[in-house]
There are 4 protein chains.
Amino acid sequence: MQPTTSAEALKRLNYIDGHLGGIRRMIEEDTYCVDVLKQTYAVRRAIEKLEALLLDGHLHTCVVEGVRDGRDDQVIGELLELYALANK
Amino acid sequence: MQPTTSAEALKRLNYIDGHLGGIRRMIEEDTYCVDVLKQTYAVRRAIEKLEALLLDGHLHTCVVEGVRDGRDDQVIGELLELYALANK
Amino acid sequence: MQPTTSAEALKRLNYIDGHLGGIRRMIEEDTYCVDVLKQTYAVRRAIEKLEALLLDGHLHTCVVEGVRDGRDDQVIGELLELYALANK
Amino acid sequence: MQPTTSAEALKRLNYIDGHLGGIRRMIEEDTYCVDVLKQTYAVRRAIEKLEALLLDGHLHTCVVEGVRDGRDDQVIGELLELYALANK
């Protein structure tokens, strides 16, 4: 992973951690479930953004190198596996 | 698109069409909404499978050629755009 | 289903049908896969809107009646089953 | 929220926290992006299970009470808002 990608990914993980801490407090303080659920959807969105960042880095580095090295089938197989997981 | 991919894609479109025709009849005959919704989720799944097929063909042809021709940024940019649309 | 809901649902099904016909032509004319995929994502969105419409009608009629008639467990069980299918 | 629901929700939050800690280490140790992404998808799934748990509790308590108290429009409006957020 490029250093800029991993630095940005760790920053996003910190944000997600903080958000989950907020959800924990909401549950402990018996907040209205609808308001808790709105926050869990926001966390899902934040994780999807982290995934997009990791995928961006992966395509620009490992996938391009893989194709140039003739390992098309491997890198493409991995991408399709990820796509299936993302839609499951 | 490879001829085998487009033949398979058209077959899947026929299946989706037939499924939607069934949903239309269910609505016209005032079927219980829960049963109609189960069918619309099945159609969504069928469309996701069609997408996976198209993406598979695209990666193995246009993306590999694009990277070999040095058009990495273009083909990767398109993939990330599709990923964002798929998760929207 | 309320007549206004089913009329609106059939209108949306017509729109989805037309959209799928456009995708069929794109595949037959060998359109660039990325452009085809953008259209399939648009169809997925249209189906999700149809689902939201059906769910809206279902909640305002069958669910409210079910709860008033003491069939809470049945109508809630169905909603949770639909939620699981929608997220699968 | 019922005490059993919130206890279970906090247990799931602990699990998600632990999982995110594992992803952080993977990024710090420069693990192959594909393996990191597989883990982020697993976290997304875990969050969706937490959401299903919260929704289950919400339907069985606040929604049933709301309908019995004649506040149908409020509780149903909230459910539709959550559905739209879950599919965004």
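Between chain A and chain D of this predicted model, 18 residue pairs are in polar contact, both partners being at pLDDT 80 or more. Three helices of chain A each put at least two residues into the side that touches chain D: helix 1 (3-28), helix 2 (33-68) and helix 3 (72-87). Helix 2 of chain A gives the largest share of that side, with 18 residues. Sorted by class, the side of chain A that touches chain D holds 23 nonpolar, six polar and twelve charged residues. In terms of contacts, 41 residues of chain A meet 41 residues of chain D. The area buried between chain A and chain D is about 4200 Å², and 67% of it lies on carbon and sulfur atoms.

Charge pairing also turns up here. Side chains of opposite charge can pair when their charged atoms come close. Over all chains, the count is 36 salt bridges, and eight salt bridges are counted between chain A and chain D. One of these links A:K38 to D:E81, with the closest N and O atoms 3.2 Å apart. A:K38 belongs to helix 2 of chain A and D:E81 to helix 3 of chain D, so this pair crosses between chains. A:K38 counts as partly exposed because its relative accessibility is 27%. D:E81 falls into the partly exposed class too, at 38% relative accessibility.

Another pair across chain A and chain D sits in a buried setting. D:R44 makes a salt bridge with A:E51, and the closest N and O atoms are 2.5 Å apart. Here the link runs from helix 2 of chain D to helix 2 of chain A. D:R44 has a relative accessibility of 4% and therefore counts as buried. A:E51 is at 0%, so A:E51 counts as buried as well. There is also a network of salt bridges, which links A:R44, D:R45, D:E48 and D:E51.

Chains B and C have a salt bridge of their own, between B:R44 and C:E48, whose closest N and O atoms are 3.7 Å apart. This pair again crosses between chains, going from helix 2 of chain B to helix 2 (residues 33-68) of chain C. Both B:R44 and C:E48 are buried. Helix 2 (residues 33-68) of chain B also contains B:H58. With a relative accessible area of 0%, B:H58 is buried. Leaving aside residues up to four places away in sequence, B:H58 touches B:V63, B:E78 and B:L79 in chain B, plus C:Y32, C:C33 and C:V34 in chain C.

Chain D and chain B bury about 360 Å² between them, with 20% of it on carbon and sulfur atoms. Zero salt bridges are counted between chain D and chain B, while two residue pairs are in polar contact across their interface.

Note on methods. Residues numbered from 1 in each chain as written. Chains lettered and ligands numbered in written order. Predicted model: local features only at pLDDT ≥ 70, side-chain atom pairs only at ≥ 80, totals over all residues. Heavy atoms only, no water. Helix = DSSP H or I, 4+ residues; strand = E, 2+ residues; numbered from the N terminus. Buried < 20%, exposed > 50% of the residue type's maximum accessible area, 1.4 Å probe, protein only. Contact = heavy atoms within 4.5 Å. Buried area = accessible area lost by both parts, 1.4 Å probe. Salt bridge = Lys/Arg side-chain N within 4 Å of Asp/Glu carboxyl O. Polar contact = N/O pair within 3.5 Å; in protein donor to acceptor, adjacent residues only side chain to side chain. Nonpolar A, V, L, I, M, F, W, Y, C, P; charged D, E, K, R; others polar.
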